[in-house]
Amino acid sequence: MKRLIAISVLIILWTVARSQQLNDAGQAVTDLLEPLAEKQLTQKDYSELFNDLVDMYENPLNLNKATKEDLERIPFLTDRQIEEILFYVYNNGPLLTIYELSAVKGLSPETIKMIIPFLKVEPVKEQSEKNKRLRAEAIFRGRTTLQTPLGYQQVNDSVPAPFTGSRDRIYARVRANYGNTLYAGFTMEKDPGEQAFTPQVPVMDFLSGYIMLKPKGFLKKIIIGDYKASFGQGAGLWTGMAFTKNSVATDIRRRATGIDKYSSVNENSFLRGIAAEMQLKSFRLFLIGSYKNIDGTIAGFSGISSIRNDGYHRTRTEMEYRKNITEKVVGGIVSWQSNSLKIEAGQTFWRIDKPIVPSRYPYKFPAFSGDSLYTSFAGYSLFARKLILFGEISLQNFNNIALYQGLTLSPGAGIQLALSYRNYSKKCFFITANPFAESSVMNGESGIYAGITFSPFENLNINSYLDVFWYKWLKYRTDAPSSGYEFLLQGVYSFSTGTTLLLRYRNRLKQGNKLFYTGNDFPLSTQKISSVRLHFTYPAGDSWWFSTRIEQTFFNEEAGHCSKGFLLFFDVKHFFARNRLSADIRLTHFDTGDYYSRIYTWEPDVLYVFRVPAFSGNGLRFLLNI
Amino acid sequence: MKFLLYIIALSGFFHVPVMTAQDFNYSDASSLSLGQVKATERSIFSVMANPAGLTGVKSPGIAVSYVSPYNIRKLSSRSVTGTMPSQYGHFSLLFTQSGYSLSLLNRYGFSYARQFGKHVSAALMFNALTHKLNGTEIYSGFFSVIGVQLFPSNTVDVGIYIQNIEQSKISYPDQSVPIPVLYVAGINWHPLTDLALMAEIEKDQEFAPQYKFGMQYIPVDILILRGGVKGSPVDLSFGIGLNLSFIVIDIGISYHQQLGVTSAASLTLSLNRKRSNSRER
């Protein structure tokens with residue numbers, strides 16, 4: 001029966017079709033998420049960030065009522081643009097139409113087009129009436145492969161298939177809300193190869209649920225079940241995903257959302273228990289408590305060597321590690337906010353029932369070991385008219401410091417500047433934190449980032465950043481302290497609304513162990529990856545959408561390995577039946593010398609699914625998405 | 001030995017001793033002189049590259065072209081094409097022959113192109129290939145071409161075409177030889193009525209990409225000047241066009257660093273008009 005269900009939704013099953021507007025937003029969020037995908041190779045789901053957008057799409061913000069905190073949830077808006085919108089509403093009174101946004105200083109037609117799906121304009125009274133509606137949504141998604149991959153085939157009579165479960169991916173989600181007061185949801189998921197409906201896994205591998213209440217008065221929010229917590233700049237407490245460097249070069253200030261319901265399927269980036277938010281005038285108090293089982297790689301009799309965060313439980317070994325550690329987190333955060341200043345400070349305590357034992361690998365010598373972690377943190381954001389200062393410092397186990405400081409400046413003439421400094425102790429352990437960083441393993445990293453955004457003339461927008469970073473200790477496959485930099489220069493020319501031509505150059509240089517070296521010493525070599533991207537997007541009328549990308553990468557190791565990569569795709573999307581149905585055809589040709597010159601690119605998928613696969617080798621990929 | 005003969009024979013078609021799409025080259029004289037940019041071409045010769053450009057032809061016409069790669073007669077190709085615009089779209093036929101008596105490759109093409117609104121044109125083309133070896137044995141293949149041209153503004157055209165997406169092959173007794181799979185994307189910026197600048201990237205599925213750049217300038221209505229450069233090794237080209245009443249004559253020359261000079265000449269006969277529109281490109 002289970003198989004029947006999976007096969008019946010063989011490729012894609014959707015009962016809900018959305019309008020073209022979400023497509024525009026999805027395209028914009030692509031730019032934000034693609035760099036993230038290149039660093040978080042084990043990340044199996046980007047829907048967490050995408051879901052936030054979908055939430056806003058389904059419950060658009062009323063501009064006449066939106067606060068700064070509300071607008072900060074829209075990732076396409078810069079801090080400066082948010083200030084200008086609020087300033088406009090304050091000066092001119094409630095908006096009469098959404099198109100009045102074109103009168104707001106600093107909002108380009110492209111930006112307005114991207115944010116319109118998430119905004120609406122209504123009188124405040126009407127809005128309150130609509131808040132009393134009950135709304136529910138259920139989504140079921142199945143995916144499988146027609147061929148049986150090797151991992152699912154029995155090796156021989158005595159050796160079973162490596163993967164213990166079926167090759168189907170199954171996802172189901174139910175969400176309901178009563179106005180803006182009560183929210184409840186349930187999510188379950190099974191990855192390919194994982195078991196479901198078996199004695200070991202009675203339902204599905206990942207089950208998640210929440211109830212969130214937003215009463216009026218002192219208690220602002222209470223969540224029972226799974227939730228995420230994000231504060232400051234991510235150096236102290238930030239579960240879940242967060243944007244890093246991206247093509248919006250000055251978008252480096254994190255916009256923390258406090259506590260919020262969790263409905264994604266990343267199996268380790270959330271807290272499970274109870275959380276509450278209380279407000280008294282300008283003060284807010286957050287209390288969190290979490291208790292859940294997580295995966296750890298067993299080392300010795302009573303300890304673990306590492307915490308596993310890929311969320312996969314497909315093989316017998318992975319099943320042995322499944323939920324074999326108990327994790328507890330408690331904490332409290334206090335914040336104070338005025339129109340121009342926000343200050344917050346907090347304390348968390350993290351504990352597991354099996355200690356992490358010191359590693360025998362030199363690159364892990366300074367890494368965290370033990371079973372408990374105290375984290376104290378404090379942060380601020382200061383909003384002057386053209387200057388925003390922000391920063392955070394966190395102290396782990398009263399000894400290890402993580403520091404992040406930054407500023408953005410809008411001196412005028414459409415120019416925006418950003419500058420930040422980070423310094424994370426090599427003993428830091430970011431198990432419930434996720435600060436701005438170059439590497440996915442952030443301990444021991446320090447760096448300086450500088451970015452600029454400007455428009456030298458009408459219709460042309462330039463973004464550029466330079467990030468210089470150092471590592472105080474060894475890293476995986478880097479057997480000495482190392483350094484590097486990343487540079488990006490991107491120009492986007494808009495012919496008309498929606499028609500854009502993008503040219504991007506990116507150059508990343510870092511040090512690592514010399515490739516294919518078999519000697520007994522461990523020399524470092526400089527590895528440079530450059531890429532040039534040309535991307536053209538053209539919406540022809542209301543029902544056609546064309547997109548073409550050409551990207552070439554160059555991998556060069558100093559006096560060593562070199563390879564080139566090339567990717568080209570043509571994308572045509574057509575909307576039928578008053579935008580209720582769309583068909584997307586993509587043809588991708590990729591030709592890379594090897595994995596070092598691989599190219600990442602976002603691919604169209606069913607609604608609410610966001611994928612950024614890496615292409616390496618030589619091939620042609622044809623994709624039809626209806 | 002037989003396989004070697006096939007390869008040598010095919011070189012007459014693909015211009016080099018191995019089958020590479022970079023030289024799957026049916027350029028007309030105009031395209032040759034523009035560094036072989038083709039994706040944004042909008043003339044009767046679009047049928048030899050991006051057939052979507054046929055929608056730029058406003059009246060029925062026929063054209064012939066002769067190309068002599070590196071001035072080696074045995075590699076030369078001869079083409080004749082005709083197009084017929086109608087209210088249902090543009091229909092076009094193409095016949096090209098290349099090679100010599102011991103290895104003669106014929107291409108028969110039929111294309112259908114249509115304009116969708118003001119901003120999009122698209123085309124589909126079917127091609128049959130026959131390869132006659134030693135004057136007796138005939139082997140055949142089939143491939144298609146999909147082309148799109150976009151016109152986002154009055155000064156910018158974008159062209160895309162894919163050749164042999166189905167990855168078909170010519171079947172010989174001992175083996176099958178793939179027909180090159182090509183992905184081509186190009187842009188044409190014409191800031192002035194008389195000036196056009198073109199850039200294009202062409203990627204063979206099996207080989208490194210090639211970059212091409214072309215420039216066209218029309219000093220007087222009767223005269224068209226063209227120049228271009230094509231990827232590595234650098235291939236420089238230039239040419240002229242004469243727009244005489246309903247006849248257009250194009251001559252193009254390109255110089256390859258290693259292989260020498262390629263020359264081409266084309267003649268276009270347009271019906272139902274007094275003078276060909278030399279600014280169609």
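Tutor: A salt bridge is a side-chain nitrogen of Lys or Arg within 4 Å of a carboxyl oxygen of Asp or Glu. Side chains of opposite charge can pair when their charged atoms come close. Please bear in mind throughout that this is a predicted model.

Let us begin with a pair that illustrates the definition. In chain A, Glu189(A) and Arg169(A) form a salt bridge, and their closest N and O atoms are 3.5 Å apart. Glu189(A) belongs to strand S5 (residues 182-190) of chain A and Arg169(A) to strand S4 (residues 169-178) of chain A, so this pair ties together parts that are 20 residues apart in sequence. Are the two partners buried or exposed, or something in between? Glu189(A) has a relative accessibility of 5% and therefore counts as buried. Arg169(A), at 26%, counts as partly exposed.

The whole structure, over all chains, holds 30 salt bridges. Another of them joins the side chains of Lys68(A) and Glu83(A), with an N to O distance of 3.1 Å. Here the partners come from helices: Lys68(A) lies in helix H4 (residues 68-71) of chain A and Glu83(A) in helix H5 (residues 79-92) of chain A, so the pair ties together parts 15 residues apart in sequence. Lys68(A) counts as buried because its relative accessibility is 13%, under the 20% limit. Glu83(A), with 23%, counts as partly exposed.

A further salt bridge connects Asp467(A) with Lys245(A), whose closest N and O atoms are 2.7 Å apart. This pair links distant parts of the chain, 222 residues apart: Asp467(A) sits in strand S19 (residues 460-471) of chain A, while Lys245(A) sits in the loop between strand S7 (219-230) and strand S8 (258-261) of chain A. Both Asp467(A) and Lys245(A) are buried. The two also belong to one network, in which salt bridges that share partners join Lys245(A), Arg422(A), Glu438(A), Glu445(A), Asp467(A), Glu486(A), Arg506(A) and Arg508(A).

We may now turn to the boundary between the chains. How many salt bridges are counted between chain B and chain A? The count is one. In this salt bridge the side chain of Lys203(B) meets that of Asp591(A), at 2.8 Å from N to O. Five residue pairs are in polar contact between chain B and chain A, with both residues at pLDDT 80 or more. On the side of chain B that touches chain A, strand S6 (137-153), strand S7 (156-163), strand S10 (182-192) and strand S11 (195-204) of chain B each give two or more residues. S6(B) gives the most, with five residues. By class, that side of chain B has 18 nonpolar, four polar and three charged residues.

In total, 25 residues of chain B are in contact with 18 residues of chain A. The area buried between chain B and chain A is about 1,700 Å², and carbon and sulfur atoms give 78% of that area.

Chain A has an average pLDDT of 85, and 90% of its residues score at least 70. Over residues 1-21 of chain A, however, pLDDT stays under 50, and over residues 40-44 of chain A it is also below 50. Where pLDDT is low, the predicted coordinates should not be read in detail.

Note on methods. Residues numbered from 1 in each chain as written. Chains lettered and ligands numbered in written order. Heavy atoms only, no water. Contact = heavy atoms within 4.5 Å. Buried area = accessible area lost by both parts, 1.4 Å probe. Polar contact = N/O pair within 3.5 Å; in protein donor to acceptor, adjacent residues only side chain to side chain. Helix = DSSP H or I, 4+ residues; strand = E, 2+ residues; numbered from the N terminus. Nonpolar A, V, L, I, M, F, W, Y, C, P; charged D, E, K, R; others polar. pLDDT = per-residue confidence, 0-100. Buried < 20%, exposed > 50% of the residue type's maximum accessible area, 1.4 Å probe, protein only.
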